[in-house]
Amino acid sequence: MDWVGWAILVVRVAIVFFGLLISVMLYIWMERKVIADMQTRVGPLRAGPRGVLITLADGIKLFFKEGITPTAADHPVYAVAPILAMFPGFLAFCVIPFGTSVTLFGREIPFQLADLNIGILWILAMTSLSVYGVVLAGWSSGSNYPLLGAVRSSAQMISYEVGMGLALVAVLMYSGTLRMSELIAAQDTVWNVIPQFPAFVVFLIGAIAETNRPPFDLAEAESELVAGFHTEYSGIKFAMFYLGEYVSTVTVAAVAVTLFLGGWRGWWPFDGAVAWIGPLLWFVLKITAVIYVLILVRATLPRMRYDRLMNFGWKVLIPFGLVWVMITGVVVVLPQEYGNRGRYIAGAVIVGAAALATLVAPLFSHRPASEAEPGGQPEGREVRA
Amino acid sequence: MIDAPRVELWAILPVLMLFGGGLIALLASGFARRAAQAPFALFTLAALAAAAASALWLWNRETTTALEGMVSIDRLAVVATLALCGIGAFGAYLGFHYFERDDFRRNEFYALLLFALGGMALLVAAADLIVVFLAVEVLSLALYVMTALTFRRGPTEAAMKYFLLGAFASAFLLYGVAMSYGASATTSVQGLARALTGVGGSQPLALVGALLLVVGLGFKVSLVPFHMWTPDVYQGAPSPVTAFMSAATKVAVFVAMVRVLDVAFGSLAWDLAPAIAVLSAGSMILGSVLAIAQRDVKRMLAYSSVAQAGFILSSFVSPEREGIAAALFYLISYSAAVVGAFGVVMLISGGIREQTGFERFRGLGRRQPVLAALLSVFLLSLAGIPPTAGFVAKVLVFGAATSAGYWPLVLIGALASVAGAFFYLRVIALMAMQEPRGVDIADPSPLPRLVLAVPAVTVVVLGIVPGVIVPLLQEAGVLTW
Amino acid sequence: MPLDNVVFWVFAPLSVATAIGMIVVRNAVHAALFLVVNFFTIAVMYLLLDAPFLFAVQIVVYAGAIMVLFLFVIMLLGVDRGDAPGERLLGQRTTAVILAVAIVAELATAIRAGIGFTTRAPGGFDAVNPGGNPSALADVLFRDYFFPFEVTSILLIVAAVAAMVLALRRSKSLSQREIETHAGDDLEAYGLAAPGAPGTVGEPSR
């Protein structure tokens with residue numbers, strides 16, 4: 001690589017980095033405005049036109065605030081945790097194609113930092129790292145509420161990562177590739193969201209839990225844990241958590257768009273030198289739509305109780321994801337093996353599986369013992385009562 | 001799109017029967033945790049019978065490998081699987097009686113037993129070091145939990161010890177696999193054999209790999225110096241579990257060792273034989289000497305099993321393949337004797353709070369002549385006194401070692417046998433010569449006595465007419481690759 | 001110097017340093033964190049060796065799942081703040097050092113004498129990875145090694161069952177008879193039947 005190549009690489013990294021920062025700023029504003037709308041308030045108004053610069057103002061404020069380190073804190077870990085919380089989101093974004101490509105200085109520059117052949121796995125790897133920021137912040141604060149939040153969140157994130165992973169597995173089985181660019185190419189005629197709608201739902205739920213967004217924000221439930229894992233943080237370190245959370249949100253929205261909504265694909269009339277603008281716009285539009293849904297979910301649904309959250313993750317989301325992976329496998333393989341007849345078999349299998357699930361599901365729907373008999377005798381000791 | 005693999009499921013039919021049975025038993029025990037266990041025991045026996053039948057069906061198959069070279073189809077595997085099914089049947093019955101006696105319902109026991117047996121049946125057929133490792137892990141995990149199944153302090157502690165040291169040994173095993181791969185760029189037993197033959201000079205990497213594999217497998221059969229866990233685990237585990245694991249684990253792992261040492265590293269046999277001889281001699285000496293000092297029958301049997309492992313291993317110094325039949329015969333006679341011995345101990349020890357100190361056995365001949373007689377037969381066989389199978393077995397393995405020129409090893413073995421005879425006979429004398437003390441807590445039910453007569457008869461018959469199975473074992477010992 | 005070498009010489013010392021740090025530090029959480037960093041550096045090594053799939057798996061499985069559970073356990077057990085226990089077994093440390101030196105020497109000689117693949121040279125990266133690393137790996141995993149792959153599922157089932165059987169013993173899975181058999185005995189070690197607890201002492205058996 002010559003120096004121009006290096007320079008272009010640096011510029012691309014910088015554009016992605018600052019682009020993410022700016023988008024986070026705008027999405028936070030959007031979130032506050034939408035929620036304000038839902039609650040018939042006006043939301044931020046003063047900083048900038050219609051309060052659009054509110055995040056910038058908040059950031060400046062946090063930057064100049066005093067950072068307090070508790071005496072009981074474990075100093076090195078306490079300092080590292082916010083950084084760890086911030087970076088996985090940025091890193092995961094590296095493999096997202098946010099447009100086609102543009103030709104500059106006689107080189108074709110793709111709108112993607114790295115088109116790895118393990119694209120989906122890279123995203124899984126980075127999201128699995130995001131739990132460290134939360135866990136370490138909670139532990140190193142040397143305080144009880146953060147620790148509880150950290151323990152909760154590590155269990156939650158690990159549990160929902162499995163469900164999310166299963167959704168991704170279904171998609172990659174359907175598309176037959178791990179590479180992001182090929183995934184988008186595979187959505188040429190129909191977006192994955194249509195054949196893979198159940199996987200999309202599972203992914204979205206898992207993604208909300210992974211990013212600790214409401215209604216799954218048990219790690220920072222203010223009614224129970226003050227502010228959860230970041231209770232003791234203030235100033236710039238707190239800002240990093242805040243930033244990290246929203247970068248992760250943007251990233252999972254981008255992943256959802258890429259895997260399910262056709263990525264940058266969309267209608268664009270112009271060709272030639274401006275051909276690259278359309279895909280970019282479509283990409284931004286789709287991300288905004290996904291984030292809008294996430295915001296609506298936050299504004300609508302109350303926070304889940306912790307045990308129900310775990311029950312849902314393990315007993316509903318993961319089994320459902322597994323069944324869907326199986327169905328996807330059948331649908332993919334049978335036509336390959338048996339041609340057209342395979343399609344009918346696949347259809348019959350899906351219908352049969354759905355019927356079976358409907359029949360069997362009631363068997364498993366009994367209420368948990370703890371709810372059925374509060375304070376009752378546990379099973380096996382009833383002879384004594 | 002990749003080419004579909006060849007899936008010859010019939011090749012592992014016994015394993016499938018066992019794992020399938022285990023899965024069914026597991027599901028059933030999940031839905032019927034507090035149900036009577038008799039159906040579970042019967043189902044387990046049925047699964048074992050099915051596995052044994054399908055193993056027999058494989059007897060006349062052509063010797064080859066299946067499933068992309070991962071398992072071998074040969075008579076060695078068939079014989080070992082049959083032996084395992086037999087041991088498993090006794091383990092299942094003894095466990096049924098043991099838990100039923102105390103109304104201690106542990107229906108997972110049967111699922112775990114079948115899983116352990118499935119792992120063992122896979123191990124004896126494994127033709128790839130990765131399958132060896134996985135099979136060892138499957139059987140070990142099941143055995144760890146079976147050890148702790150009564151949840152008393154002793155068994156739990158024993159299971160913990162077994163688990164921690166077992167995990168350590170697994171690491172050695174895996175490291176050995178990695179080294180072997182480094183030496184030959186393959187993990188297949190056949191591939192290793194092909195890669196290592198005809199390559200001149202010494203091959204340190206392959207040698208290190210083979211030795212690490214021996215360490216990992218040696219732990220499972222409690223060879224000195226990897227025997228540390230044996231006395232505690234054998235004593236702490238419920239007696240039926242001890243009976244099962246002391247016999248079945250040895251059969252499975254020694255057969256795997258045959259494949260690893262005689263086939264995969266067959267060309268390194270001359271380099272490996274000294275190390276094997278040292279392990280064998282150490283096990284024979286230390287097992288026998290330490291057994292003399294024990295005051296608890298289960299503990300004594302544990303040390304004796306260390307010594308027995310040494311005897312079996314002594315046949316491995318023979319680079320010719322005649323040692324395999326000897327080892328197989330020894331394994332079968334040892335299994336019958338040790339299952340029977342622990343079965344009798346279970347009946348005498350009186351319930352889940354097992355009391356197996358020597359004073360329990362004082363004067364047993366007066367109170368429980370049948371049990372005492374059965375135990376005496378088993379102990380005589382373990383000691384290697386004619387006309388029991390143990391005698392023939394020792395003659396065979398020592399013959400194999402002598403023909404390989406390792407007569408010092410045979411000498412040590414003979415001395416260890418003499419020391420062994422002392423502690424086995426001491427228990428017999430204790431039962432026959434002394435006056436009984438304390439209350440009799442032995443189990444009075446007749447059926448277990450009848451069942452335990454089967455291994456006793458086996459031991460005696462094999463001791464008098466070993467010819468009934470030796471030709472079969474010699475056929476099984478011929479490994480063509 | 002090619003870029004690969006630069007990356008290697010940044011991460012290799014880091015890898016060694018974190019490995020040593022993991023052993024040396026006394027705080028359990030710090031040790032776990034060093035191990036995480038070490039896993040990460042190893043993952044980077046895989047990437048340098050053109051094994052991106054292994055890189056991702058190393059991070060997802062080790063750094064992302066196993067070590068998080070480790071931290072989870074450490075935090076729940078609360079062993080993080082206390083001093084690490086001293087030398088429990090006499091001479092353990094000396095033995096460990098001697099054995100470590102021995103194994104390094106052994107490996108060095110073994111590898112030097114028969115450096116890897118004594119029988120055939122490893123194939124070139126592109127030759128053994130037709131269609132890219134992940135799909136080549138899938139080819140090997142799901143065709144040549146499909147049987148071990150399936151056995152692994154049995155292994156996981158057994159492990160899960162094992163864990164559940166052991167965990168269930170504390171709860172309501174014991175029958176009245178079992179509790180009586182154990183009353184005042186060693187069950188109190190598990191907090192099941194404290195002596196004097198209602199229903200355990202002085203009550204006639206069924």
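Chain B comprises 19 helices and 2 strands, where helices (H or I, at least four residues) and strands (E, at least two) are DSSP runs numbered from the N terminus. The radius of gyration of chain B, taken over C-alpha atoms, is 21 Å, close to the 23 Å that the globule rule (2.2 Å times the number of residues to the power 0.38) gives for 481 residues, so chain B is as compact as a globular protein of that length. The model is a predicted one, in which local features need pLDDT of at least 70 and side-chain atom pairs count only at pLDDT 80 or more, whereas totals for chains, interfaces and linings use all residues. Residues are numbered from 1 along each chain as its sequence is written, while chains are lettered from A and ligands numbered from 1 in the order in which they are written.

Along the principal axes, the C-alpha atoms of chain B fill a box of roughly 65 × 55 × 40 Å. Of the 481 residues of this chain, 64% count as buried, a residue being buried if 20 or more other C-beta atoms, placed from the backbone, lie within 10 Å of its own. Among the contacts in chain B with a separation of 6 or more, 81% are accounted for by residues 24 or more positions apart, two residues being in contact if their C-beta atoms, placed from the backbone, lie within 7 Å. Helix H4 (residues 108–125) of chain B is mostly covered, with 18 of its 18 residues buried. The end C-alpha atoms of H4(B) are 26 Å apart, which agrees with the 26 Å that its 18 residues should span at 1.5 Å a residue, the expected span being 1.5 Å times one less than the number of residues.

Chain A is divided into domain 1 (70–304) and domain 2 (307–364), with bounds that come from an automatic or database domain assignment. The C-alpha centres of these two domains of chain A lie 27 Å apart, and 20 residues of domain 1 are in contact with 15 residues of domain 2. On the side of domain 1 that touches domain 2, helix H5 (144–175) and helix H7 (197–210) of chain A each supply at least two residues, and H5(A) gives the most, with 12 residues.

The bridge partner of A:Thr103 in S2(A) is A:Glu108. Between the strands of this hairpin there are 2 residues, and A:Phe105 takes a positive phi near 50°.

Notes:
Pairing = 2+ DSSP bridges. Buried ≥ 20, exposed ≤ 12 C-beta atoms within 10 Å, placed from the backbone.
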